[in-house]
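Welcome! Here is a short briefing to read with the sequence and the 3D view side by side.

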Amino acid sequence: AGCNSYSATYTVDGELITISPPISTKMACSDQAVMDQEMAYLNALSQAFTFTLDGERLELLDANGGLLVAFQGAKG
């Protein structure tokens, strides 16, 4: 998440996903921009409503279909 470790639980029902508010360690990042990015990322996770999975790419979308976060798996 930047400079902190985090965890969250999730449930999936079809294409719907619910992610609990993440809990994280409380270390201060040396760069404020990294701290801001980390906070935005953690907030985005709990706003996820649906997801798409296309090969190695996972996208988390909000209730309006807006992209919150995208993850790309490593190609083997």
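## Surface and overall picture

The protein has an accessible surface of about 5400 Å², and 55% of that belongs to carbon and sulfur atoms; such areas come from the Shrake-Rupley method with a 1.4 Å probe, and for residues only the protein chains shown count as cover. Please keep in mind that this is a predicted model, in which local features need pLDDT of at least 70 and side-chain atom pairs count only at pLDDT 80 or more, while totals for chains, interfaces and linings use all residues. Residues are numbered from 1 along each chain as its sequence is written, and side-chain values use heavy atoms, with hydrogens and water left out.

**Fold and dimensions**

- The protein contains 1 helix and 7 strands, where helices (H or I, at least four residues) and strands (E, at least two) are DSSP runs numbered from the N terminus.
- The C-alpha trace spans about 40 × 30 × 20 Å along its principal axes.
- Of the 76 residues, 20% count as buried; buried means under 20% relative accessible area, exposed over 50%, and partly exposed in between (1.4 Å probe, protein chains only).
- Among contacts (heavy atoms within 4.5 Å) between residues at least 6 apart in sequence, 35% join residues at least 24 apart.

**The hairpin of β6 and β7**

- Strands β6 (residues 57-61) and β7 (residues 67-72) run antiparallel and are joined by 5 bridges; two strands pair if DSSP finds at least two bridges between them.
- These two strands form a hairpin with 5 residues between them, and Gly 65 in the turn has a positive phi of about 85°.

**The salt bridge**

- The structure holds 1 salt bridge, meaning a side-chain nitrogen of Lys or Arg within 4 Å of a carboxyl oxygen of Asp or Glu.
- Its members are Arg 57 and Glu 59, with the closest N and O atoms 2.8 Å apart.
- Arg 57 counts as partly exposed, at 32% relative accessibility.
- As background, side chains of opposite charge can pair when their charged atoms come close.

**Aromatic rings**

- There are 2 aromatic pairs in the structure; rings of Phe, Tyr and Trp (its six-membered ring) pair if their centres lie within 6.5 Å, and planes under 30 degrees apart count as stacked, over 60 as edge-to-face and the rest as tilted.
- Tyr 6 and Tyr 41 make an edge-to-face pair, 5.7 Å centre to centre with 80° between the planes.
- Tyr 6 lies in strand β1 (residues 6-7) and Tyr 41 in helix α1 (residues 32-46), so this pair ties together parts that are 35 residues apart in sequence.
- Tyr 6 is partly exposed, with a relative accessible area of 34%, whereas Tyr 41 counts as buried at 19%.
- The rings of Tyr 41 and Phe 71 are also edge-to-face, because their centres are 6.4 Å apart and their planes are at 75°.
- That pair links distant parts of the chain, with Tyr 41 in helix α1 and Phe 71 in strand β7, 30 residues apart.
- Phe 71 counts as partly exposed, at 31% relative accessibility.
- Together, Tyr 6, Tyr 41 and Phe 71 form one aromatic cluster.

**The nonpolar core**

- Which residues make up the largest nonpolar core? The 10 residues are Ile 17, Ile 19, Tyr 41, Leu 42, Ala 44, Leu 45, Ala 48, Phe 51, Leu 60 and Val 69.
- A nonpolar core is a set of buried Ala, Val, Leu, Ile, Met, Phe, Trp, Tyr and Cys residues joined through side-chain atoms within 4.5 Å.
- Helix α1 supplies the largest share of this core, 4 residues.
- Ala 44 touches Leu 68 and Val 69, not counting residues up to four places away in sequence.

- Thr 50 lies in strand β5 (residues 50-54) and is buried, with a relative accessible area of 18%.
- Leaving aside neighbours within four places in sequence, Thr 50 is in contact with several residues, among them Glu 15, Ile 17, Glu 59 and Leu 60.
- Gly 55, in the loop between β5 and β6, is exposed, with a relative accessible area of 62%.
- The C-alpha atoms of Gly 55 and Gln 72 are separated by 9.1 Å, and these residues are 17 apart along the chain.
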